[in-house]
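Thanks for coming, everyone. Let me put the model up, and then we'll walk through a few places in it.

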Amino acid sequence: MADSAYSSVASKPKFNGLKMAAMLIAAILALPILVVLVNVLIGDGDVWRHLYDTVLAEYISNSLLLMLGVGVGVLVIGVPCAWLTSMCDFPGRSLLSWALLLPMAVPAYIIAYTYTGVLDFAGPVQTFIRDITGWRYGEYWFFEIRSLGGATVMLTLVLYPYVYLMSRAAFLEQSENTLEVSRTLGYSGRAVFFKLALPLARPAIVTGLTLALMETLADYGTVQYFSVNTFTTGILRTFYGFGDVAAASQLAGVLLMFVATLILLERYSRHRIRYHASGLKKASNRRMALKGGRGILASAFCLVPILVGFIIPVSVLAYWAIFKADRPGANFIQLAWNSFYLAAIASMIVVSLALVLSYAIRLNNSRSVGVSVGIAGLGYALPGTIIAIGTIVPLAWLDHRIIDLVKYYSGDKVGLIFSGTLVALLFAYTVRFMAVSLGAVQNGLGKIKPSMDMAGRSLGMSSFKVLTRIHIPLLKGSVLTAILIVFVDVLKELPATLVLRPFNFNTLAVRAFELASDERLVDAAPASLMIVLVGLVPVILLSRSISSRTNYSK
């Protein structure tokens, strides 16, 4: 009865202003995608034909091989680790269950710089081999880190937590009664995993895999540094080298097809695969004890990804930053300030708009608002290169129209107002990371009962006052989480920052990339370490959240 009364209140015309605001915000945030699609159609085709005849096949094959390798890698690491930490009991399980998320704090391009410094020909590992054997270059085989295989390994090490996180949540939700029945039917632990638990968790696993593959397609720093030609490197090379926005947009359009295919496959899998696990008790209430050698193997299997994906690279970065790199000076302080205030402003903008969009859905449960908000959250599925190109084109057009108008009416000359300033960068960040903030805010709003809205309305509050005086105080945890996640994502973002940053403006991510590109890996360590340490904040919060839920389920 209360819900229906709330719906009738929410459907009054006075909320149409919020509805229109949400649809307008969504339309503006969808502009970069629309620009890319339009430029795909209007290009003259000369540069595109050149790309088609020379490098397009390489871009496609390398992107597909990278996706295949990373897909296999994240599944091989993420799913077994999720099963072991959620369904089994072995030495160190409680610590390992949250520590497996730590590699999420390390951007792929930073782990690539670190392992290149360690494993390259001039690095300590190969130098040690040559010293003790007397071998020279060409007389022994060693894994080539700067290769497609090396990029695959680097991306796998930092992206497997997506699969681990989704899979573990699915395993923890499975019913102990269902698993116990399977054991009474003679199923071994291996059979329970492959024939029952894995099919039940398949939708969640596919979701985690899709996120990892979208991040793989979006990566620029790793593949550029390893000289692996993929769509992201090709788009920026075409944009800067040829100066052809249309050709770069055409490449971006092909990449957009890859991303759209992943999204459709993920949604199709969720639609077609529906399993329901009944029962009151969760599977985590009674774990399988692994003792002796089996327990040691389980501990070692879960420890290796943490060791190679977090402990080793962070230790190397800390050693370089403390003992090898030059002392950070005023330039480093300026870079850190640029990164922090840019991330702070972007996170505030993104979360504020997310509150408006989420509240619009709460008050106007209509298809138009739902579709609009869905479009607004599409940017997270797109690489930063696509968003950067889709941002600079309309803003540059708008700048030139303003310049022409000012010159016509006053004769004065004005500079770039949008495309050459931080406005373009902040807009791109908003498009890119809106989905992250929307998820956190909508989850928090969903926990607030509609009766709270009704109580505020009965006291004569407007919808705006209900949001500011009732909802936002109750949403402090969700809003803080959204701010932290967006803050760290902006801090790590590389391709969009490279394209859209104003002249003579640098961030920690860009500076680390520039130094690494000049083979100054040791000097890149302080900036890289700072990004990793800040990235630990949301990862630790997420780990604590998972641990508390797990403890509660016991």
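**A walk through the model**

Start at D326, which sits in the loop between α15 and α16 (330-363). Helices here are DSSP runs of H or I with at least four residues, strands are runs of E with at least two, and both are numbered from the N terminus. D326 counts as exposed because its relative accessibility is 57%. The cut-offs: buried is under 20% relative accessible area, exposed is over 50%, and partly exposed is in between, with a 1.4 Å probe and protein chains only. Which residue lies 8.7 Å from D326, C-alpha to C-alpha? It is V522, 196 residues away in sequence.

A word on what you are looking at. This is a predicted model, where local features need pLDDT of at least 70, side-chain atom pairs count only at pLDDT 80 or more, and totals for chains, interfaces and linings use all residues. Residues are numbered from 1 along each chain as its sequence is written, and side-chain values use heavy atoms, with hydrogens and water left out.

Now confidence. pLDDT is the predictor's confidence in each residue, from 0 to 100. The protein's mean is 81, and 86% of the residues reach 70 or more. Residues 1-15 fall below 50; that stretch has 19 contacts in the model beyond near neighbours in sequence. Residues 275-281 are also below 50, with 14 such contacts. Contact means heavy atoms within 4.5 Å. Where pLDDT is low, the predicted coordinates should not be read in detail.

The overall picture next. The protein has 25 helices and two strands. Of its 554 residues, 52% are buried. Take the contacts between residues at least 6 apart in sequence: 83% of them join residues at least 24 apart.

Back to α15, this time with a partner. Two packed helices are described by the angle between their axes and the distance between the axes. Helix α7 (residues 108-119) packs on helix α15 (residues 292-324) at about 70 degrees, and the axes are 10 Å apart. Axes are lines fitted to C-alpha atoms, for helices over the stretch in contact, and angles run from 0 to 180 degrees between N-to-C directions. So α7 and α15 are roughly perpendicular to each other. For that word, the range is 65 to 115 degrees; under 35 is roughly parallel, over 145 roughly antiparallel, and the rest oblique.

Who meets whom? From α7 come I110, I111, Y113, T114, Y115, G117 and V118; from α15 come V308, G309, I312, P313, V316, L317 and W320. By class, this contact has 11 nonpolar, three polar and no charged residues. Nonpolar here is Ala, Val, Leu, Ile, Met, Phe, Trp, Tyr, Cys and Pro; charged is Asp, Glu, Lys and Arg; the others, Gly among them, are polar.

Stay on α15. S299 lies in that helix. Is S299 buried or exposed? Buried, because its relative accessibility is 14%. Beyond neighbours within four places in sequence, S299 contacts F90, P91 and L96.

Next, L84, in helix α5 (residues 56-87). L84 is buried, at 15% relative accessible area. Leaving out residues up to four places away, L84 touches F90, R93, L290, A298, F301 and C302. Look at A298 in particular: 214 residues from L84 in sequence, yet 7.0 Å away in space, C-alpha to C-alpha.

R93 comes up again with S94. S94 is in helix α6 (residues 93-99). It is partly exposed, at 44% relative accessibility.

On to A381, in the loop between α17 (367-376) and α18 (384-410). A381 counts as buried, at 10% relative accessibility. Its contacts, not counting residues up to four places away, are M214, V259 and I263.

Last stop: backbone angles. Most residues other than glycine have a negative phi. N504 is not a glycine, but its phi is positive, about 65 degrees. N504 lies in the loop between α23 (495-500) and α24 (508-517), and is exposed at 73% relative accessible area. E519, also not a glycine, has a positive phi of about 65 degrees. E519 is in the loop between α24 and α25 (525-553), and counts as partly exposed at 44%.
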